Amino acid sequence: MPDTADLAADKSSPGGRRASGLRLGVDVGGTFTDLLLLDEKNGRTYMAKVPSTPQDSSVGVLNGIEKICRTAGVDPQNITEVMHGTTVATNTVLTSSGALVGLVTTKGYRDTLQIARSYVPGGLGGWVIWNKRPPLAPLEFTIEADERMDARGNVIVRLDEQAIRRDLEKLLASGIEALTIALFNSYTNDAHERRIAEIAREIAPNIPVSTSAAVMPEMYEYERTETTVVNSYVRPVVSKYVANLQGEIQRRMGGDVNLRILRSDGGLSSAQGAMDQPVNLLMSGPAGGVAGALWIAKQAKIKNLLTFDMGGTSTDVALIQNSVARTRRETRVGDVTVRAPSIDVRTVGAGGGSIAYIPELTKALRVGPQSAGAVPGPAAYKKGGEQPTVTDANVVLGYLPSDAKLGGDMEISRELATQAVGKIAETLSISVEDAAEGIVRIVNENMVGALRLVSVEQGYDPRDFALIGFGGAGPLHANALARIVKSWPAVIPPGPGVLCAYGDATTRLRNEASQTYVTLVRATSDAEIGAKLKELAASAAKELTDEGVSTKEQTVLYQVDIRYKGQGMKLTVDITPADFAAEGLAGVTRRFDAEHEQLFTFALDAEHELVGLRAVVQGAEKSFVNPEAARDGTDASAARTHPTRIYADGAWRDGHIYDRGKLKPGNKVPGPAVVTEMDSTTVILPDHVGVIDDVGNILIWPADHKNAR
Amino acid sequence: MPARIIETNTTPFSRVAVDPISLDIVENALRNARNEMDAVLFRTAMSPGIREQHDAFPMIANHEGKMVVGQFGSFLYGFIAGYGGTIEDGDIFITNDPYSCGGAVSHLNDWLLMMPIFHNGKLVSWAAMFGHMTDVGGKVPGSLPTDAKMIYEEGIIIPPTKIYRKAQLQDEILNIMLHNTRMPEWNKSDFFAIIAALRLAERRVRENIERFGADEYISAMWDMLDRNRAAMSAIIQMIIPEAKDGKKAYFEDWIDDDGMGNGPYKIACSLHREGEIAYFDFSASDPQSFSSINFLLNEEMFKMFFGAFTINLFDPQILFNDGFYDLVNVHIPEGCILKPKKPAALSCRTHMLGRIFDLMGGLLGQGAPDALNAAGFSDSPHFMYSGFDKDGEWYQLFQIGFGGVPGRPAGDGPDGHSMWPAFTNVPNEFLEAYFPLRIREYSTIPDSGGAGLHRGGNGIVIAYEMMEKGEVSIHDDRWLTYPWGVNGGQPGLRSTKCLVRTDGTEVNIPSKCDRIEVNPGDILYFNTWGGGGWGDPAARPAETVLADVKRGLVTEAGAKRYGVVISNGEVDQAATRTLRQEMSAKPKREGLFDRGFTSIEELKDRCKEETGFDAPRAPVFRKQFRMAAE
């Protein structure tokens with residue numbers, strides 16, 4: 001059944017919106033809140049950066065809005081849409097600061113989260129040191145409902161309403177802040193889940209209720225329960241945040257401004273949708289980066305690229321093919337995994353703050369996952385950090401010059417960085433420069449591992465992709481990574497630190513409706529599946545229509561989850577309504593066989609089984625033309641600020657520092673070079689050249705590459 | 001005669017100096033390759049045993065066959081030594097015969113595939129992987145007959161065979177194999193899934209060689225082996241005391257029975273160190289059994305178990321490998337239950353394999369009681385259910401159960417978890433959707449974990465309701481002996497199985513049995529055992545015990561084992577103080593271990609009363625094996 005079941009209808013959008021206006025993208029990071037204002041009429045953009053306010057991040061957002069409106073000279077009342085990528089949900093999980101969640105399971109299944117999938121990480125003997133984190137819905141706040149569905153959705157034990165009402169009264173009065181109802185086999189029939197939700201609302205109307213079939217209408221009781229519990233866990237925090245923000249924004253911009261939140265899968269959610277299903281926002285932040293990369297790629301006319309977003313403690317990578325980001329049906333945050341669709345972003349626990357160390361026994365050089373975080377931070381930041389970090393290594397190597405700005409107020413001490421890295425050098429009996437280069441190479445290798453997961457493991461050859469580096473530290477490492485995986489060019493967008501806000505502002509409206517439908521292909525027909533897909537498309541289109549997107553601006557894509565009968569995984573086959581009408585299920589199975597072969601080197605002559613159907617509806621793409629700067633000659637020397645030297649491949653090399661703001665399209669920056677701008681620093685290695693393209697990207701190529709000459 | 005390796009390029013590799021950073025990079029690249037092999041396999045395999053439970057293990061070895069990444073040590077030494085043919089570019093070998101590969105795989109269900117990787121005409125590495133097939137033929141569905149007396153009853157035996165020759169699949173051989181199993185579709189898909197994983201490893205190895213150069217890659221592998229050797233040398237000297245006055249550490253444990261009414265069977269090991277070499281001697285173990293519980297323990301695999309357990313405490317990020325093998329000497333006499341002679345049956349070796357871990361824990365822990373773990377879920381008990389459904393379609397399920405991880409120095413043991421790497425349970429919704437089963441209950445068993453400062457993990461109960469007429473096989477253990485506690489911790493509860501027929505009759509089901517007839521509506525309660533407790537239960541904070549009670553993991557009665565009295569949902573402080581004083585006044589148990597019995601005889605005396613089953617008879621061994629074992 002469609003997953004619309006019992007959630008309140010979306011009430012955030014009063015009819016259509018104004019024909020044109022200003023779109024504002026807002027990205028809240030750990031250190032800075034970035035804003036980007038887009039004028040739909042003339043394509044002009046304005047950027048602003050203000051410090052984040054972790055206590056209540058909406059304060060930073062509002063400060064930023066004030067600042068950007070002042071800079072751009074616009075009246076906040078003229079802003080019609082605010083698109084926001086947020087890490088509120090993510091941080092709630094990472095810092096274990098979510099709600100106290102109560103849980104209702106089917107009788108016999110109260111330990112679903114306690115047992116989980118019985119998996120112990122860490123390989124042979126891993127159990128010796130592994131301690132399991134208690135469930136997010138504690139067992140003492142878990143009750144069982146006497147009811148049962150079978151695997152076909154037939155009621156085999158009727159719900160005992162009296163008993164559950166009695167138990168709920170107790171549970172809802174016990175101090176829980178959110179309730180999850182996750183019953184066995186509810187993906188086939190959620191009548192009992194909905195009934196229990198009704199009873200709970202009668203008893204305690206103010207405690208938010210999430211039901212599992214509404215949040216994740218799929219088989220696998222542990223994954224569905226966990227996903228719904230995480231939804232409940234982050235819901236009060238996210239609801240409060242979104243409601244506050246919406247209220248404040250409406251106060252400044254008028255009641256008809258639309259606040260939209262970026263979802264993990266790169267789509268946009270209305271404010272109400274975000275408050276009801278915040279589990280879909282766990283990757284909202286990184287999704288903004290990928291959306292921004294998509295936007296840049298379009299400008300630079302690059303269709304295939306790997307994205308590389310490196311921050312202080314972690315790094316996100318993703319793959320874009322043919323201008324579409326790969327998505328998956330799962331989201332991972334820390335040790336929490338939920339079944340919510342997300343852009344296939346892989347996160348490595350390594351960033352600028354990752355600490356390098358050498359275990360006593362093996363004398364191997366390890367980097368991360370421990371991080372110096374913001375406090376005490378890398379030694380070079382002079383905030384008391386003493387342990388050597390990746391940032392310190394970058395300082396020692398001259399990649400991060402001691403006069404780099406880092407967003408304005410931070411100073412860098414080369415001396416402290418050298419001291420910290422010196423400890424590694426001493427233990428390994430090598431020079432401090434070689435130790436620093438070693439740290440950078442190891443951390444790069446971790447990144448390559450993640451890039452492999454999104455490319456090679458999925459059957460893609462990284463050499464067919466460009467690599468875009470952004471985030472605070474991405475531009476420092478992008479050249480080196482591109483060299484390892486041979487993804488050319490390495491693209492450094494303008495304002496790499498605010499790329500996520502770019503992505504937020506340029507994202508298209510998107511909605512989807514899905515249904516689990518397990519059947520053998522031979523047991524169904526083109527007509528039956530065609531009708532179901534049409535129905536799903538209509539249901540998904542409704543929200544967009546309500547938001548004021550006219551039918552002719554909408555594009556529909558069908559997705560069919562399919563596998564060989566007997567397999568546990570499934571692949572998602574994309575097919576347009578026109579292609580489905582022409583080819584039917586035969587077209588779907590043909591595409592599946594081809595993808596199976598690409599991914600796994602073989603296809604089988606086994607029977608095909610459908611697992612799920614989905615329709616994705618998107619609004620029309622907005623096009624913004626970046627005003628192109630006048631082309632200049634190849635000589636970039638006018639942008640040089642002063643000479644410098646960097647250490648690469650075992651030797652010190654002389655080069656220059658450049659001011660990014662002074663570089664012009666057509667300029668060529670020969671490596672070794674360091675390019676600085678407001679919040680980021682780009683390294684161009686020896687024997688490489690950075691070419692400035694028409695829209696201001698630095699495209700780094702090997703010096704002997706035809707595009708560099 | 002060992003296998004002949006055909007190389008068109010005979011230039012030997014030269015060992016070059018690899019800088020420590022490049023070494024770490026090769027290490028990471030290989031680690032990633034192994035993870036990718038797993039990912040490909042789990043996504044494409046069909047049998048629930050591999051795709052849901054992950055009963056399959058990959059490995060990448062250097063050109064000499066030494067494991068550089070993997071779990072269980074090299075599968076290759078025995079194969080290379082025993083294979084009479086050639087090893088050429090484009091070959092892939094298959095075997096499932098434990099007796100042809102020195103126990104690299106230990107029963108016929110595990111199909112082992114091995115691929116030499118060539119580069120420019122030279123052998124540069126090996127990739128290998130084995131996976132548990134749901135069925136390989138033989139006398140019972142699942143191919144794990146309890147009462148087999150010879151390996152020939154356990155399914156098709158494939159000696160080491162080229163299943164790919166010059167990159168061509170030998171499909172007629174594959175057909176013969178598949179033709180001899182009850183689940184050919186699953187086996188076929190699992191087979192190709194393993195091949196896909198090997199091909200992936202091959203690509204990765206070649207990429208690494210292109211990136212670093214062949215000599216550098218080969219030398220980096222040697223360095224990784226050396227690095228492990230150096231680390232393990234230090235560990236061995238740290239945790240194993242040198243034998244002074246011939247004094248050795250000794251430990252023994254048991255498999256409760258052989259499914260034929262005999263038992264328990266003892267496995268025993270002594271341990272000492274001379275210089276930098278550790279000596280493990282299994283001579284005091286029982287001779288081989290007449291039934292299928294024998295375990296052909298590969299000596300190298302045992303070394304790997306030992307190394308992996310200890311090194312985890314020092315550098316969990318290390319890629320563990322074969323490099324330290326010459327520092328460990330393992331003696332297992334021929335004809336012993338851990339080294340049975342062909343054609344002894346081997347299919348139900350899972351209990352013995354698991355029990356090795358308890359044995360090793362007890363053995364090593366004596367040298368370092370602070371690092372000693374209690375006994376845990378040292379098994380992979382099987383539930384098998386098969387038959388023809390109403391439409392005449394054959395269904396067959398093989399499922400592994402989980403239980404209590406023991407109390408450890410690190411903390412409480414998780415409830416109902418796996419002690420095998422990578423294993424996961426099968427979702428019950430999946431079972432109900434694809435098999436004629438209804439899972440009525442799936443929860444932890446309160447009080448089944450042994451009491452201790454750190455509680456043993458609880459076992460779990462799975463209540464299987466059968467929806468079709470069919471047959472059930474069970475392989476389980478620890479119904480008689482207990483998962484022991486340590487350092488004052490108490491033993492965990494034993495396993496039990498009870499079949500409730502539709503007329504309400506309750507049948508006590510033994511731990512090892514085949515072909516139990518079941519009918520629609522019958523419910524089998526499969527109760528797995530808990531982990532032993534660690535440390536003095538009276539030292540566990542009363543509030544922690546209360547939390548366990550509120551969570552349903554410990555009962556109010558069970559809380560008294562901790563000296564905690566709970567009334568009206570609160571700790572009764574006064575009564576708790578009194579009870580704990582009484583407990584501390586009692587004389588302390590001697591020794592590190594609490595086995596829950598004083599002697600096997602004493603245990604057998606109360607067997608009938610406690611378990612409902614007659615005590616097993618003391619096993620009688622064939623004379624030549626007994627002598628061999630001594």
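Into which domains is chain A divided? Chain A is divided into domain 1 (22–92 + 238–281), domain 2 (97–235), domain 3 (354–440) and domain 4 (510–618), with bounds from an automatic or database domain assignment. The centres of domain 2 of chain A and domain 4 of chain A, taken over C-alpha atoms, are 30 Å apart.

This is a predicted model, in which local features need pLDDT of at least 70, side-chain atom pairs count only at pLDDT 80 or more, and totals for chains, interfaces and linings use all residues. Residues are numbered from 1 along each chain as its sequence is written, while chains are lettered from A and ligands numbered from 1 in the order in which they are written. The model has an ipTM of 0.90 and a pTM of 0.85. For chain B the average pLDDT (the predictor's confidence in each residue, from 0 to 100) is 92, and 97% of the residues score at least 70.

Chain B contains 15 helices and 26 strands, which are DSSP runs (helices H or I, at least four residues; strands E, at least two) numbered from the N terminus. Its radius of gyration, taken over C-alpha atoms, is 25 Å, close to the 25 Å that the globule rule gives for 630 residues, so chain B is as compact as a globular protein of that length. The rule is 2.2 Å times the number of residues to the power 0.38.

| Helix | Residues | Span, first to last C-alpha | Expected span |
|---|---|---|---|
| α5(B) | 184–212 (29 residues) | 42 Å | 42 Å |
| α8(B) | 350–365 (16 residues) | 23 Å | 22 Å |

After α5(B) comes G213(B), with a positive phi near 95°.

Technical notes
The expected span of a helix is 1.5 Å times one less than its number of residues.
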